[in-house]
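Please open the model in your viewer and keep the selection tool at hand, as each stop on this tour begins with something to select.

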Amino acid sequence: MKVLIVLMACLAYVAADCGPLQRLKVKHQWVQVYSGHGYEREAFGREVFLEMYNQAPKAKDLFTRVRGENVFSPEFGAHMVRVLGGLDMCIALLSDDTVLNAQLAHLSTQHKDRGIPNEYFDVMKVALMKVVPGHVSHFDFDAWSACYDVIANGIKH
(Lines give C-alpha, C1' and ligand atoms only; values in the text may rest on other atoms or scores of the structure.)
Protein backbone atom coordinates (compact mmCIF):
# COMPACT_ATOMS: atom_id res chain seq x y z
CA MET A 1 0.00 0.00 0.00
CA LYS A 2 2.82 2.41 0.88
CA VAL A 3 4.48 1.74 -2.47
CA LEU A 4 1.23 2.55 -4.25
CA ILE A 5 0.89 5.84 -2.36
CA VAL A 6 4.48 6.82 -3.19
CA LEU A 7 3.95 5.87 -6.84
CA MET A 8 0.76 7.94 -7.05
CA ALA A 9 2.49 10.89 -5.44
CA CYS A 10 5.32 10.64 -7.98
CA LEU A 11 2.85 10.48 -10.86
CA ALA A 12 1.00 13.52 -9.54
CA TYR A 13 4.28 15.42 -9.29
CA VAL A 14 5.30 14.51 -12.85
CA ALA A 15 1.85 15.39 -14.19
CA ALA A 16 2.07 18.84 -12.62
CA ASP A 17 5.57 19.48 -13.95
CA CYS A 18 6.68 21.30 -17.07
CA GLY A 19 9.53 18.91 -17.68
CA PRO A 20 11.27 18.13 -20.98
CA LEU A 21 8.52 15.81 -22.23
CA GLN A 22 5.75 18.28 -21.36
CA ARG A 23 7.67 21.14 -22.97
CA LEU A 24 8.11 19.13 -26.16
CA LYS A 25 4.43 18.23 -26.22
CA VAL A 26 3.34 21.87 -25.73
CA LYS A 27 5.72 22.99 -28.47
CA HIS A 28 4.38 20.32 -30.83
CA GLN A 29 0.75 21.16 -30.10
CA TRP A 30 1.42 24.90 -30.41
CA VAL A 31 2.70 24.31 -33.95
CA GLN A 32 -0.67 22.72 -34.75
CA VAL A 33 -2.43 25.83 -33.43
CA TYR A 34 -0.15 28.59 -34.65
CA SER A 35 1.42 27.39 -37.90
CA GLY A 36 -1.29 28.88 -40.10
CA HIS A 37 -1.18 32.07 -42.11
CA GLY A 38 -1.92 35.57 -40.81
CA TYR A 39 -5.70 35.26 -41.15
CA GLU A 40 -5.80 31.96 -39.26
CA ARG A 41 -3.56 33.32 -36.52
CA GLU A 42 -5.74 36.39 -36.17
CA ALA A 43 -8.90 34.26 -36.03
CA PHE A 44 -7.32 32.13 -33.28
CA GLY A 45 -6.29 35.28 -31.39
CA ARG A 46 -9.81 36.63 -31.68
CA GLU A 47 -11.15 33.41 -30.15
CA VAL A 48 -8.72 33.74 -27.23
CA PHE A 49 -9.45 37.40 -26.57
CA LEU A 50 -13.22 36.95 -26.89
CA GLU A 51 -12.96 34.16 -24.32
CA MET A 52 -10.94 36.47 -22.08
CA TYR A 53 -13.60 39.16 -22.44
CA ASN A 54 -16.26 36.58 -21.66
CA GLN A 55 -14.49 35.70 -18.39
CA ALA A 56 -13.43 39.22 -17.47
CA PRO A 57 -15.33 41.96 -19.36
CA LYS A 58 -13.14 44.65 -17.79
CA ALA A 59 -10.17 43.20 -19.69
CA LYS A 60 -11.26 45.38 -22.62
CA ASP A 61 -10.18 48.40 -20.59
CA LEU A 62 -6.56 47.21 -20.77
CA PHE A 63 -6.52 47.56 -24.53
CA THR A 64 -8.05 50.98 -25.21
CA ARG A 65 -4.92 52.23 -27.02
CA VAL A 66 -5.30 49.38 -29.54
CA ARG A 67 -9.10 49.59 -29.84
CA GLY A 68 -9.72 46.52 -27.70
CA GLU A 69 -13.45 47.16 -27.72
CA ASN A 70 -13.47 46.07 -31.37
CA VAL A 71 -11.67 42.75 -31.85
CA PHE A 72 -12.11 43.17 -35.62
CA SER A 73 -10.28 46.50 -35.84
CA PRO A 74 -6.90 46.51 -37.63
CA GLU A 75 -5.27 47.99 -34.52
CA PHE A 76 -6.50 45.18 -32.31
CA GLY A 77 -5.66 42.59 -34.95
CA ALA A 78 -2.06 43.81 -34.92
CA HIS A 79 -2.08 43.71 -31.11
CA MET A 80 -3.34 40.11 -31.06
CA VAL A 81 -0.58 39.09 -33.46
CA ARG A 82 2.01 40.76 -31.20
CA VAL A 83 0.67 39.02 -28.08
CA LEU A 84 0.53 35.64 -29.77
CA GLY A 85 3.96 36.26 -31.28
CA GLY A 86 5.31 36.78 -27.76
CA LEU A 87 3.64 33.58 -26.59
CA ASP A 88 4.99 31.80 -29.65
CA MET A 89 8.51 32.94 -28.81
CA CYS A 90 8.19 31.84 -25.18
CA ILE A 91 6.85 28.42 -26.17
CA ALA A 92 9.70 28.01 -28.66
CA LEU A 93 12.17 28.88 -25.89
CA LEU A 94 10.79 26.34 -23.40
CA SER A 95 13.77 24.13 -24.16
CA ASP A 96 16.33 26.87 -23.41
CA ASP A 97 15.87 28.14 -19.85
CA THR A 98 18.58 30.80 -20.05
CA VAL A 99 17.14 32.54 -23.11
CA LEU A 100 13.56 31.93 -21.95
CA ASN A 101 14.26 33.62 -18.61
CA ALA A 102 15.80 36.62 -20.37
CA GLN A 103 12.74 36.92 -22.64
CA LEU A 104 10.36 36.57 -19.69
CA ALA A 105 12.21 39.32 -17.81
CA HIS A 106 11.86 41.59 -20.86
CA LEU A 107 8.13 40.83 -21.17
CA SER A 108 7.69 41.35 -17.44
CA THR A 109 9.11 44.86 -17.72
CA GLN A 110 6.82 45.66 -20.66
CA HIS A 111 3.73 44.41 -18.86
CA LYS A 112 4.66 46.21 -15.65
CA ASP A 113 5.23 49.47 -17.57
CA ARG A 114 1.78 49.10 -19.15
CA GLY A 115 0.14 48.38 -15.79
CA ILE A 116 -1.18 44.94 -16.69
CA PRO A 117 -2.44 43.35 -13.44
CA ASN A 118 -1.14 39.85 -12.73
CA GLU A 119 -4.61 38.33 -12.55
CA TYR A 120 -5.04 38.78 -16.30
CA PHE A 121 -2.34 36.20 -16.91
CA ASP A 122 -4.68 33.75 -15.16
CA VAL A 123 -7.57 34.92 -17.34
CA MET A 124 -5.40 34.31 -20.42
CA LYS A 125 -4.59 30.82 -19.14
CA VAL A 126 -8.25 29.89 -18.77
CA ALA A 127 -8.98 31.27 -22.24
CA LEU A 128 -6.12 29.30 -23.80
CA MET A 129 -7.23 26.14 -21.98
CA LYS A 130 -10.68 26.55 -23.51
CA VAL A 131 -9.62 27.55 -27.04
CA VAL A 132 -6.47 25.52 -27.79
CA PRO A 133 -8.13 22.08 -27.40
CA GLY A 134 -10.38 22.89 -30.36
CA HIS A 135 -7.31 23.28 -32.56
CA VAL A 136 -5.22 20.22 -31.62
CA SER A 137 -5.62 16.51 -31.32
CA HIS A 138 -5.02 14.91 -27.92
CA PHE A 139 -4.69 18.17 -26.00
CA ASP A 140 -2.55 17.66 -22.88
CA PHE A 141 -4.16 19.88 -20.26
CA ASP A 142 -1.60 19.08 -17.55
CA ALA A 143 1.39 19.87 -19.77
CA TRP A 144 -0.18 23.10 -21.04
CA SER A 145 -1.20 24.19 -17.56
CA ALA A 146 2.24 23.60 -16.06
CA CYS A 147 4.18 25.09 -18.98
CA TYR A 148 1.88 28.12 -19.27
CA ASP A 149 2.50 28.70 -15.56
CA VAL A 150 6.26 28.75 -16.21
CA ILE A 151 5.72 31.48 -18.82
CA ALA A 152 3.12 33.49 -16.88
CA ASN A 153 5.00 33.34 -13.58
CA GLY A 154 8.09 34.59 -15.36
CA ILE A 155 6.16 37.63 -16.67
CA LYS A 156 4.11 38.45 -13.59
CA HIS A 157 5.53 41.32 -11.57
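A residue counts as exposed when its relative accessible area is over 50%, as buried when that area is under 20%, and as partly exposed in between. The model on screen is a predicted one.

Begin by selecting helix α3, residues 38–55, together with helix α6, residues 119–131, which pack at an angle of about 125° with their axes 9 Å apart. That angle makes α3 oblique to α6, and α3 passes α6 in a right-handed crossing. To see the contact itself, show the side chains of residues including F44, V48 and M52 on α3 and Y120, V123 and A127 on α6. By class, the contact of α3 with α6 has 11 nonpolar, 1 polar and 3 charged residues.

Next, select E51 and K130, whose side chains meet in a salt bridge of 3.5 Å, N to O. This pair links distant parts of the chain, with E51 in helix α3 and K130 in helix α6, 79 residues apart. E51 is buried, at a relative accessible area of 15%, whereas K130 counts as exposed because its relative accessibility is 54%.

Move on to D149 and K125, where a salt bridge of 2.8 Å, N to O, joins the side chains. D149 lies in helix α7, residues 141–155, and K125 in helix α6, so the pair ties together parts that are 24 residues apart in sequence. D149 is partly exposed, at 28%, while K125 is buried, at 15%.

Finally, select R67, E69 and E75, which are linked in a network of salt bridges; between E69 and R67, the closest N and O atoms are 3.7 Å apart. A search of the whole structure finds 8 salt bridges.

Conventions
Residues numbered from 1 in each chain as written. Predicted model: local features only at pLDDT ≥ 70, side-chain atom pairs only at ≥ 80, totals over all residues. Heavy atoms only, no water. Axes fitted to C-alpha atoms, helices over the stretch in contact; angles between N-to-C directions. Helix = DSSP H or I, 4+ residues; strand = E, 2+ residues; numbered from the N terminus. Parallel < 35°, antiparallel > 145°, perpendicular 65-115°, else oblique. Left-handed = near helix turned anticlockwise from the far one by under 90°. Contact = heavy atoms within 4.5 Å. Nonpolar A, V, L, I, M, F, W, Y, C, P; charged D, E, K, R; others polar. Salt bridge = Lys/Arg side-chain N within 4 Å of Asp/Glu carboxyl O. Buried < 20%, exposed > 50% of the residue type's maximum accessible area, 1.4 Å probe, protein only.
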